[in-house]
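Dear colleague,

I am passing on the structure we spoke about, and I would be glad if you could look through it alongside the notes below.

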Amino acid sequence: MTKKAVHKEIRDYVMIAIAMMSYCIGWTVFLLPNNITTGGVPGISSVLYWGTGIPVQFTYFAINALLLIAALKILGLRFCIKTIFAVFLLTTLTALFTRETGQLHLLDDQPFMASIIGAIFCGSGVGIGLAFNGSTGGTDIVAAIVNKYRDISLGRVIMLCDIIIISSSYLVFHDWEQVIYGYVVLLVTAFCIDQVVNSMRRSVQFFIISEKYEEIARLINNDAHRGVTVINGQGFYSGHEVKMLFVLAKKRESTAIFRLINEIDPAAFVSQSTVIGVYGNGFDKFKVRTKRYQQ
């Protein structure tokens with residue numbers, strides 16, 4: 001592995017650890033003590049805990065172990081290794097938090113606010129985990145499998161999988177108000193997942209017009225490691241021939257590219273715009289189902 005690849009792997013594991021910490025805070029501090037159901041395997045674990053008293057970390061780990069075995073062939077070893085790391089870490093953090101914060105009941109008289117805050121922590125944790133090639137397991141694995149082949153919102157897939165799980169909490173509490181709070185958690189979590197994942201995967205395109213286009217293109221190639229396309233153009237009013245550079249990059253790389261352009265030609269004309277999706281080498285993969293037609 002190259003030095004850059006090693007740094008990327010370390011970054012992924014650090015961010016997954018932060019994601020699991022965020023999810024654990026939302027689940028064990030705000031949702032579980034207030035009897036508010038979340039989705040996925042944590043939701044199943046919560047319902048079984050309220051109904052039978054089985055500690056949530058045991059159920060969570062056992063169900064995810066089965067799902068990871070089933071997902072190994074589909075998602076690949078790299079995804080599963082990071083997900084295994086996330087599952088072990090979240091299991092450990094959950095056991096620690098439930099023991100240390102067992103007597104802590106934040107917002108116990110404001111269940112709606114507990115639902116919102118808990119869902120923000122949980123959704124942000126899931127989104128960060130998915131953005132860095134990991135997950136909390138459970139329905140996140142199902143969502144990752146669907147998203148691998150189809151360009152469907154991750155939050156929407158998880159939301160559809162979790163409706164039945166949250167509704168099942170009625171069998172324990174016999175209280176539709178608690179179920180409604182669970183639906184609030186579901187919607188806010190799905191929204192946060194989409195916002196976090198899309199913000200980290202957002203791409204932009206640049207059109208750059210400069211007399212020093214060769215120097216700019218070379219610097220973007222070598223320093224920003226992005227491809228550059230040279231387009232021949234002509235000014236309508238002046239009639240002058242110009243060379244225009246076309247560049248696609250991640251949103252987070254925009255500042256670095258502007259800095260490179262400014263080093264070569266501060267007077268360059270630059271247009272930047274956000275694109276809905278970029279697919280191909282260095283970006284996302286095509287998410288369409290191929291069809292075979294018989295002639």
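This is a predicted model: local features need pLDDT of at least 70, side-chain atom pairs count only at pLDDT 80 or more; totals for chains, interfaces and linings use all residues.

Residues are numbered from 1 along each chain as its sequence is written, and side-chain values use heavy atoms, with hydrogens and water left out.

The protein chain holds eleven helices and four strands, these being DSSP runs numbered from the N terminus (H or I over at least four residues for helices, E over at least two for strands). Of its 295 residues, 42% are buried, where buried means under 20% relative accessible area, exposed over 50% and partly exposed in between, with a 1.4 Å probe and protein chains only. Among contacts (heavy atoms within 4.5 Å) with a separation of 6 or more, 72% join residues 24 or more positions apart.

The largest nonpolar core has 38 residues, and those with the most contacts inside it are Met 20, Tyr 23, Trp 27, Ile 36 and Leu 90; such a core is a set of buried Ala, Val, Leu, Ile, Met, Phe, Trp, Tyr and Cys residues joined through side-chain atoms within 4.5 Å. Two or more residues come from each of α1 (3–31), α2 (40–52), α3 (56–75), α4 (77–100), α5 (111–131) and α9 (176–201), with α1 giving the largest share, nine residues. Leu 90, setting aside residues up to four places away in sequence, touches Met 20, Tyr 23, Cys 24, Tyr 60 and Thr 136. A second, separate core of 17 residues includes Phe 206, Ile 216, Ala 224 and Val 247.

Beyond its neighbours within four places in sequence, Lys 82 is in contact with Glu 9, Asp 12, Tyr 13, Ile 16, Phe 132, Asn 133 and Gly 134. Lys 82 and Asn 133 are 51 residues apart in sequence, yet their C-alpha atoms are 7.0 Å apart in space.

As for the cysteines, a search of the whole structure finds zero disulfides, a disulfide being a pair of cysteine sulfur atoms within 2.5 Å. For Cys 24, the closest cysteine sulfur is that of Cys 122, at 9.1 Å, too far for a bond; for Cys 192 it is again in Cys 122, at 9.6 Å, also too far. Cys 24 is buried at 0% relative accessibility, and Cys 192 is buried at 12%.

Turning to helix packing, the axes of α5 and α9 come within 7 Å and cross at roughly 35°, where axes are lines fitted to C-alpha atoms, for helices over the stretch in contact, and angles run from 0 to 180 degrees between N-to-C directions. By class, this contact has 19 nonpolar, five polar and one charged residues. The axes of α10 (residues 213–224) and α11 (residues 254–264) come within 10 Å and cross at roughly 140°. In that pair, residues including Ile 216, Leu 219 and Asp 223 of α10 meet residues including Ile 257, Leu 260 and Glu 263 of α11.

With best regards

Definitions and conventions
Ala, Val, Leu, Ile, Met, Phe, Trp, Tyr, Cys and Pro count as nonpolar, Asp, Glu, Lys and Arg as charged, and the others, Gly among them, as polar.
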